[in-house]
Every structure is written in structure tokens, then in C-alpha cells.
Amino acid sequence: MSNYIIKCALLVSIGVSLCLADDQYTSKYDNIDLDKILDSKRLVSNYVQCLLGTKGCPPEGLELKRILPDALKTQCSKCTCVQRQGAVKAIQRLQKDYPDEWKLLLDKWDAKRESLAKFDDYVKKGGKIC
């Protein structure tokens, strides 16, 4: 469950884009430099606008938008370990450093905050990411 929102946020905020595979998303974008993205307000803004549909997307952003509904629905069951770890990092950084952008993403992708609540519960209980 946390894996689901974890990956979603990662994907949502950072553009760690993934392709659907039979049993796992592609690892094509697993080596993306999340810290570089999260350290740049400009890059975060670009990815957020991409995910909100208000700006064009880079290839990984387009792929993220495509798989995000499935990742949210399945609680990131097809995510790799790297993707789950990245999602946790992205969610935590977005919540802390980019609260306005985080709220916009939640409003679009988790309006009822159901996924966020499940993620928070999972993390508070010491849930294992990988």
C-alpha cells in the first residue's frame, strides 16, 4: 500500500517514469538522478506541471502519466525496489520542501487522500520498502 503511494509520488513529482511490463514496470528510468531533480525548484515545477497536464512532458514524464493510475490502483505492486525507494524519497522531499506542489499533485491524483493515508500508516508502522 505504501509502495503504491510511494511510487506514485516519486513518479508524480520526480518523473521517474516507467513502462508497464507483464509483472513489473520497466527499470529504464531507475537510474534517474532524483536528488538533482528534487534539489531544483525549476525541475520539480516542470515535472509537476507535466503531471498536472499544464505543460509538456519529457519522455519519462509521459510514461509516468501513463502508468500512474495503475500504480495508484495496485499500490505500486509492479514497482521495482529502486522505484519504491525513490518514491519514498520523493514523497518525503515534496512534503517537506515543496508543500504547495505536493498539494496540487494530491488534488489531481489522490483527491480523497486515501492513498496518502495508507502510505502514512504504512510508514508509521515501520513498513518495509523492499
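Mentor: Let me start with a term: a salt bridge is a side-chain nitrogen of Lys or Arg within 4 Å of a carboxyl oxygen of Asp or Glu. Please bear in mind that this is a predicted model.

Trainee: What does arginine 93 form a salt bridge with?
Mentor: Its partner is aspartate 97, and the closest N and O atoms of the two are 2.7 Å apart. Both residues belong to helix α5, and because they are four residues apart there, about one helical turn separates them. Aspartate 97 is partly exposed, its relative accessible area being 33%.

Trainee: Which residues are linked with Arg93 and Asp97 in a network?
Mentor: Asp39 is linked with Arg93 and Asp97 in a network of salt bridges.

Trainee: How many salt bridges are there by this rule?
Mentor: The count comes to seven. One of them joins glutamate 101 to lysine 41, with 3.0 Å between the closest N and O atoms. Glutamate 101 sits in helix α6 and lysine 41 in helix α3, which spans residues 41-52, so this pair ties together parts that are 60 residues apart in sequence.

Trainee: Is glutamate 101 buried or exposed?
Mentor: Glutamate 101 counts as buried, at 14% relative accessibility. Lysine 41, on the other hand, counts as exposed at 54%. In general, side chains of opposite charge can pair when their charged atoms come close.

Trainee: Let me step back to the whole chain. How many helices and strands are there?
Mentor: The protein chain has seven helices and zero strands. Along the sequence, the pattern therefore reads α-α-α-α-α-α-α.

Trainee: What share of the residues is buried?
Mentor: Of the 130 residues in the protein chain, 47% are buried. As for contacts between residues at least 6 apart in sequence, 73% of them join residues at least 24 apart.

Trainee: Which residues have the most contacts inside the largest nonpolar core?
Mentor: They are Val44, Leu94, Trp102, Leu105 and Trp109, in a core of 25 residues. At least two residues of this core come from each of α2 (34-38), α3, α4, α5, α6 and α7 (114-124).

Trainee: How do the axes of α5 and α6 cross?
Mentor: Helix α5 covers residues 81-97 and helix α6 covers residues 99-109; their axes come within 5 Å and cross at roughly 120 degrees. That makes α5 oblique to α6.

Trainee: Which residues meet there?
Mentor: From α5 there are Ile91, Leu94, Gln95, Lys96 and Asp97, and they meet Pro99, Trp102 and Leu105 in α6. By class, this contact of α5 with α6 has five nonpolar, one polar and two charged residues.

Trainee: Changing topic: where is valine 88?
Mentor: Valine 88 is in helix α5. It is buried, with a relative accessible area of 13%. Valine 88 and phenylalanine 119 are 31 residues apart in sequence, and their C-alpha atoms are 9.4 Å apart in space.

Trainee: And where is aspartate 33?
Mentor: Aspartate 33 is in the loop between α1 (2-14) and α2. At 43% relative accessibility, aspartate 33 counts as partly exposed. The C-alpha atoms of aspartate 33 and glycine 86 are separated by 9.7 Å, while the two residues are 53 apart along the chain.

Trainee: One last item. What is the phi of arginine 113?
Mentor: Arginine 113 has a positive phi of about 60 degrees, although it is not a glycine. Most residues other than glycine have a negative phi. Arginine 113 lies in the loop between α6 and α7, and at 25% relative accessibility it counts as partly exposed.

Conventions:
Residues are numbered from 1 along each chain as its sequence is written. This is a predicted model: local features need pLDDT of at least 70, side-chain atom pairs count only at pLDDT 80 or more; totals for chains, interfaces and linings use all residues. Side-chain values use heavy atoms; hydrogens and water are left out. Axes are lines fitted to C-alpha atoms, for helices over the stretch in contact, and angles run from 0 to 180 degrees between N-to-C directions. Angles under 35 degrees count as roughly parallel, over 145 as roughly antiparallel, 65 to 115 as roughly perpendicular and the rest as oblique. Contact means heavy atoms within 4.5 Å. Ala, Val, Leu, Ile, Met, Phe, Trp, Tyr, Cys and Pro count as nonpolar, Asp, Glu, Lys and Arg as charged, and the others, Gly among them, as polar. Buried means under 20% relative accessible area, exposed over 50%, partly exposed in between (1.4 Å probe, protein chains only). A nonpolar core is a set of buried Ala, Val, Leu, Ile, Met, Phe, Trp, Tyr and Cys residues joined through side-chain atoms within 4.5 Å.
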